[in-house]
Amino acid sequence: MPRRSILLFAGACFAIAAALATVTVMVVTNRDRTQAVAGDSATGQPAIGGPFQLVNQDGQAVDQTMLDGKWSLVFFGFTYCPDFCPTTLTTLEATRKLLGPTASDMQIVFVSIDPERDTPAALKTYLSFDEFPPGVVGLTGTPEQVANAARTYRAYYEKVGEGEGYTMNHSLTVYLMGPDGQFRSALAHDLGPERSAQLIQRVMARG
């Protein structure tokens, strides 16, 4: 076989192998992400939620037992968030209203992933805005406490930029926790109030 043909053939084989390797990495990565959200396949129990130590907007130390006895909608964000966090708060309130009396024992829990700026006092001021639903529980803590809580819920966040103008990238999932403090379901940020209420009603019916 001429040298040029051999080189072309080798190049084609290399391209095919690279493509297959890329596909393999994508499949494995997507599988790992799915397992991270879905939970432990060996036990069948979701590996989301668990112990945490944080501080609420009144400066009181709290832990995971604050979820006991109530249905909870937990999400991670920050007060300087320009769009997703305010939208999530208003969407969750609309969802809670659609649930009617069944939501009487439901709490919305907003966990800050920006403890550098989101002090308890800052959270309290932010959550007191008329645009936001009443009764939202704001949580913050030391950077280590926040990191541990986010890790427990498998919530992603990352500081972007330097100086006063930095922002935070973060995941947008809302976690529905049962009265026993255990994870029940995840709500996508773009699900909307009606579909979110329907999902929550189905989960509540199962207990």
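Phe75 and Phe110 are both buried, a term that stands for under 20% relative accessible area, with exposed meaning over 50% and partly exposed in between (1.4 Å probe, protein chains only). The model is predicted, so that local features need pLDDT of at least 70 and side-chain atom pairs count only at pLDDT 80 or more, while totals for chains, interfaces and linings use all residues. Residues are numbered from 1 along each chain as its sequence is written, and side-chain values use heavy atoms, with hydrogens and water left out.

**Aromatic pairs**

- The structure holds nine aromatic pairs, where rings of Phe, Tyr and Trp (its six-membered ring) pair if their centres lie within 6.5 Å, and planes under 30 degrees apart count as stacked, over 60 as edge-to-face and the rest as tilted.
- Phe75 and Phe110 form a tilted pair, with 5.1 Å centre to centre and 55° between the planes.
- This pair links distant parts of the chain, since Phe75 lies in strand 3 (residues 71–77) and Phe110 in strand 4 (residues 106–112), 35 residues apart; strands (E, at least two residues) and helices (H or I, at least four) are DSSP runs numbered from the N terminus.
- Phe75, Phe110, Tyr126, Phe129 and Phe132 form one aromatic cluster.

**Charges over rings**

- The charged end of Arg117 sits over the ring of Tyr80, 4.0 Å from its centre, which requires CZ of Arg or NZ of Lys within 6 Å of the ring centre and within 35 degrees of the ring normal.
- The charged end of Lys159 sits over the ring of Tyr166, 4.3 Å from its centre.
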